[in-house]
Amino acid sequence: GFPSPASPMDKGKIAEGLLSLVMERPQAAAVIGDLLETEAVSGESWFWAQVIRTWFGTVWSDAKSEPRFILGMALLGAFVCWGIASLASMAFFFSSEIVWHLVLPRLSLHAAASVAFGRVQMLTELFAGSFYAGQWIARYALGREVAVCVAMTIVGPVVFLGMGLLLWLAVNLGGAHLAVAPPALRLGGFAWFALLLPPYLLGAGTARRRRQSEAAN
């Protein structure tokens with residue numbers, strides 16, 4: 001037969017898990033309990049609308065209550081992300097040299113393989129850096145991880161652009177003959193940084209849930 005709709009308990013657990021990302025689990029459980037009691041009158045659409053509203057309202061409240069802390073943590077997190085991504089980039093540089101000299105000459109589609117490898121490299125660098133930055137944030141921004149992750153998505157492009165310019169200047173002023181291009185000042189390039197928010201949240205959420213589980217035990 002057809003699967004039955006989610007029970008109130010299952011729905012409550014899902015909603016509680018979402019809210020526990022932005023507030024402590026006991027508080028999230030209390031909020032969801034109140035919403036479930038009112039849902040019988042207001043309906044399921046109202047329930048989920050209130051969950052989403054509470055989620056975003058809590059993030060906004062965290063950002064407004066301590067804007068300097070949120071911005072400072074976002075800047076530090078962006079530097080952490082840039083550092084990890086740079087280390088991953090160096091690792092890929094050496095591995096790409098091996099792939100280019102040993103593997104690609106044996107293939108017929110050199111250009112296509114090179115483009116594919118470059119895309120895998122870029123995605124791995126950004127995911128590794130942003131995921132670790134999210135976990136790092138969870139250690140210090142207790143209870144405000146999501147607000148910092150959202151702020152980091154905004155300030156991250158500025159940090160990456162600034163560090164990229166410094167690297168480009170250092171390479172050119174130092175006379176090194178490396179193929180380092182200046183970072184592009186394009187709005188489309190900045191829009192790519194919105195894709196870092198999910199791994200930010202994944203890293204922060206993983207560390208937060210681990211901490212909550214350890215506290216419960």
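Analyst: The largest nonpolar core has 35 residues, and Leu19, Ile32, Val51, Ile137, Val148, Met152 and Tyr200 touch the most other members. A nonpolar core is a set of buried Ala, Val, Leu, Ile, Met, Phe, Trp, Tyr and Cys residues joined through side-chain atoms within 4.5 Å. Buried means under 20% relative accessible area, exposed over 50%, and partly exposed in between (1.4 Å probe, protein chains only).

User: Which elements give two or more residues to this core?

Analyst: Helix 1 (8–19), helix 2, helix 3, helix 4 (67–103), helix 5 (110–140), helix 6 (145–173) and helix 8 (197–216) do. Helix 6 gives the most, with 10 residues. Helices here are DSSP runs (H or I, at least four residues; strands are E, at least two), numbered from the N terminus.

User: Before we go on, where do these values come from?

Analyst: This is a predicted model: local features need pLDDT of at least 70, side-chain atom pairs count only at pLDDT 80 or more, and totals for chains, interfaces and linings use all residues. Residues are numbered from 1 along each chain as its sequence is written, and side-chain values use heavy atoms, with hydrogens and water left out.

User: OK. What does the secondary structure come to?

Analyst: Eight helices and zero strands. From the N terminus the order is α-α-α-α-α-α-α-α.

User: And how much of the chain is buried?

Analyst: Buried residues make up 33% of the 217 residues.

User: How do helix 2 and helix 3 cross?

Analyst: The axes of helix 2 (residues 25–42) and helix 3 (residues 44–65) come within 8 Å and cross at roughly 150°. That makes helix 2 roughly antiparallel to helix 3. Axes are lines fitted to C-alpha atoms, for helices over the stretch in contact, and angles run from 0 to 180 degrees between N-to-C directions. Angles under 35 degrees count as roughly parallel, over 145 as roughly antiparallel, 65 to 115 as roughly perpendicular and the rest as oblique.

User: Which residues make the contact?

Analyst: From helix 2, Val31, Ile32, Leu35, Leu36, Thr38, Glu39 and Ser42. From helix 3, Glu44, Trp46, Phe47, Gln50, Val51 and Thr54.

User: Phe47 is on that list. Is it buried or exposed?

Analyst: Phe47 is buried, with a relative accessible area of 0%. Leaving aside neighbours within four places in sequence, Phe47 contacts Lys11, Ala15, Ile32, Leu35, Leu36 and Glu39. Phe47 and Ala15 are 32 residues apart in sequence, and their C-alpha atoms are 9.4 Å apart.

User: New topic. Where is Arg144?

Analyst: Arg144 is in the loop between helix 5 and helix 6. Arg144 is partly exposed, at 24% relative accessible area.

User: What does Arg144 touch?

Analyst: Asp62, Glu66, Phe69 and Ile70, not counting residues up to four places away in sequence.

User: Last one. What about Ser130?

Analyst: Ser130 is in helix 5. Ser130 counts as buried, at 0% relative accessibility. Ser130 touches Cys81, Leu196, Pro199 and Tyr200, again not counting residues up to four places away.

Notes
Contact = heavy atoms within 4.5 Å.
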